[in-house]
Amino acid sequence: MSVTATSSLAVRGLAYAYPDGHQALFGVDLTIERGERVALLGPNGAGKTTLVLHLNGILTAGAGTVEVAGLPVAKRNLAEIRRRVGIVFQDPDDQLFMPTVREDVAFGPAAAGLRGAALETCVREALERVGMEAFADRAPHHLSFGQRRRVAVATVLAMHPEILVLDEPSSNLDPAARRELALILRDLDVTVLMVTHDLPYALELCPRSVVLSEGTVVADAPTQDLLLDEDLMRAHRLELPFGFDPRSVRVR
Amino acid sequence: MGAGHAHALYRHVDSPVHTLPPHCKLVAVFAFVVVVVSTPREAVWAFAAYAVLLGAVAYVARVPARHVLTRMLVEVPFVAFAVLMPFVAQGEQTKVLGVSLSVSGLWGAFNILAKGTLGVAASVLLASTTELRELLHGLQKLRLPPLLVQIATFMIRYGDVIAGELKRMSIARRSRGFEARGVRHWGVLAKTAGALFIRSYERGERVHLAMVSRGYTGVMPVLEETVATRAQWARVGVLPGAALLVCLTGWVMV
């Protein structure tokens with residue numbers, strides 16, 4: 001895949017070992033073009049979370065580079081990188097740490113220096129994009145799990161990220177909340193990288209999938225082709241839910 | 001837990017007191033308490049006057065007496081020992097209903113009870129008219145160390161989350177046939193506390209990660225800049241101002 005100047009994300013030769021010596025990534029290459037929605041699949045322990053934490057500079061690469069819209073992830077760029085990369089963590093109770101929804105959504109933009117009416121507008125728009133504008137003054141722990149997940153998405157949308165990174169977006173959601181979130185994610189005009197075990201969800205939302213296994217990218221293909229490749233799936237502990245046939249659905 | 005208290009204390013109505021900037025109210029309550037404490041205990045009428053002042057504030061704030069009085073019960077354990085003072089203090093004695101009581105002890109008990117009660121009533125009024133997070137904004141505005149404000153903010157946010165975790169652990173224990181009875185089971189409870197601590201600590205790390213990912217650099221961004229007008233300062237000044245007049249009169253008359 002060619003790396004263009006407008007790639008939202010360009011990861012080249014990324015390797016990382018934890019301080020205890022455990023090597024989690026062995027030279028990962030991944031390029032995501034602007035506006036793409038890509039699923040990052042892989043068994044537990046494959047290094048998915050480690051990769052995600054490199055995208056906004058929480059972890060520093062042992063070797064290799066990460067660029068977000070052309071800007072290298074490095075200490076001097078951290079503030080801008082963290083604005084450009086919006087990570088939605090798995091547990092919304094970790095993500096939503098302020099007393100009210102409004103303050104939480106405002107946290108990122110305010111940390112970037114936005115104030116007053118501009119901040120207010122930014123918060124309202126972000127909440128509107130996830131259909132939660134009526135809940136601005138509520139406390140996060142008074143919301144349902146699905147609502148909290150949507151607010152968590154709004155907290156990073158408020159920063160107008162170049163790329164939205166979702167860690168297991170469908171986990172713990174009931175089918176209705178799962179569908180509502182899918183509708184929201186589909187309508188966002190933003191690059192999405194979605195880490196998930198939920199293969200039907202990946203098929204529904206992401207035209208392209210990348211499989212990470214034992215710290216390297218072992219497959220990068222259209223999601224439907226990938227899910228139909230039985231040998232690949234078996235080799236990397238990926239399994240479709242009982243009764244689900246990727247051929248049975250029409251992918252938009 | 002923290003949030004639970006907030007709901008119990010705060011009274012959600014619209015009143016001139018509710019809309020005042022939180023830092024002004026904090027200053028006013030603090031000044032009021034200082035004035036009350038510095039009043040000579042012999043000026044009994046002065047304390048009645050303070051109570052009337054607080055009653056007036058409650059009336060303007062549309063907080064019913066019942067709301068304030070029931071929430072003042074938290075004071076009871078703290079003043080219990082004041083009741084003992086007339087019995088144990090030395091010096092001149094007097095007879096009340098055939099019981100010998102110390103005069104200085106009676107004055108001491110009255111002093112603690114009156115000043116304590118007025119302080120608690122003022123605090124309850126503050127809490128009834130100001131939301132917890134607004135109070136925190138007020139404290140921030142008054143230059144309380146930001147670290148303390150952040151700790152308090154997280155306490156409000158995560159009190160319920162941690163209480164929920166504790167409840168789930170308790171249900172899991174009981175589902176496996178454990179009921180805490182007697183000293184022999186304290187070990188299990190202690191381990192629960194330890195597990196809860198580790199879980200909370202790990203959550204703390206995850207929350208910090210989420211904060212850093214959104215540009216946290218050690219200081220909380222200022223979300224709303226509340227600026228108090230001169231008129232608002234004048235309005236909150238009425239309570240401590242009136243109290244100060246009462247106090248000075250008390251000193252002159254004693």
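Ground rules before we start. This is a predicted model, where local features need pLDDT of at least 70, side-chain atom pairs count only at pLDDT 80 or more, and totals for chains, interfaces and linings use all residues. Residues are numbered from 1 along each chain as its sequence is written, while chains are lettered from A and ligands numbered from 1 in the order in which they are written.

Chain A, then. It has 10 helices and 10 strands; these are DSSP runs, H or I of at least four residues for helices, E of at least two for strands, numbered from the N terminus. The radius of gyration of chain A is 18 Å, close to the 18 Å from the globule rule for 252 residues, so chain A is as compact as a globular protein of that length. That radius is taken over C-alpha atoms, and the rule is 2.2 Å times the number of residues to the power 0.38. The C-alpha trace of chain A spans about 55 × 45 × 35 Å along its principal axes.

How much of chain A is buried? Of its 252 residues, 48%. Buried means 20 or more other C-beta atoms within 10 Å of the residue's own, exposed means 12 or fewer, partly exposed is in between, and C-beta atoms are placed from the backbone.

UniProt, in an unreviewed entry, annotates residues 9-239 of chain A as "domain: ABC transporter". Such annotations may be inferred rather than shown by experiment. That stretch is 39% helix and 26% strand.

Now the contact between the chains. Chain A gives 26 residues and chain B gives 22, with contact meaning C-beta atoms, placed from the backbone, within 7 Å. On the chain A side, α2 (78-84), α3 (92-95) and α4 (101-111) each give two or more residues. The largest share, six residues, comes from α4(A).

Over to chain B, and helix α3, residues 44-60. At 1.5 Å a residue, its 17 residues should span 24 Å, and the end C-alpha atoms are 25 Å apart, which agrees. The expected span is 1.5 Å times one less than the number of residues.

Which residues of α3(B) are buried? B:A46, B:F47, B:Y50, B:L53, B:L54, B:V57 and B:A58. Down the axis of α3(B), they fall within an arc of 140 degrees, so they line one face. The arc uses directions from the helix axis to the C-beta atoms. They pack against α2 (22-37), α4 (65-71), α6 (103-129) and α10 (230-253) of chain B. The face turned away carries exposed B:V44, B:W45, B:A48 and B:V52.

Notes
Two residues are in contact if their C-beta atoms, placed from the backbone, lie within 7 Å.
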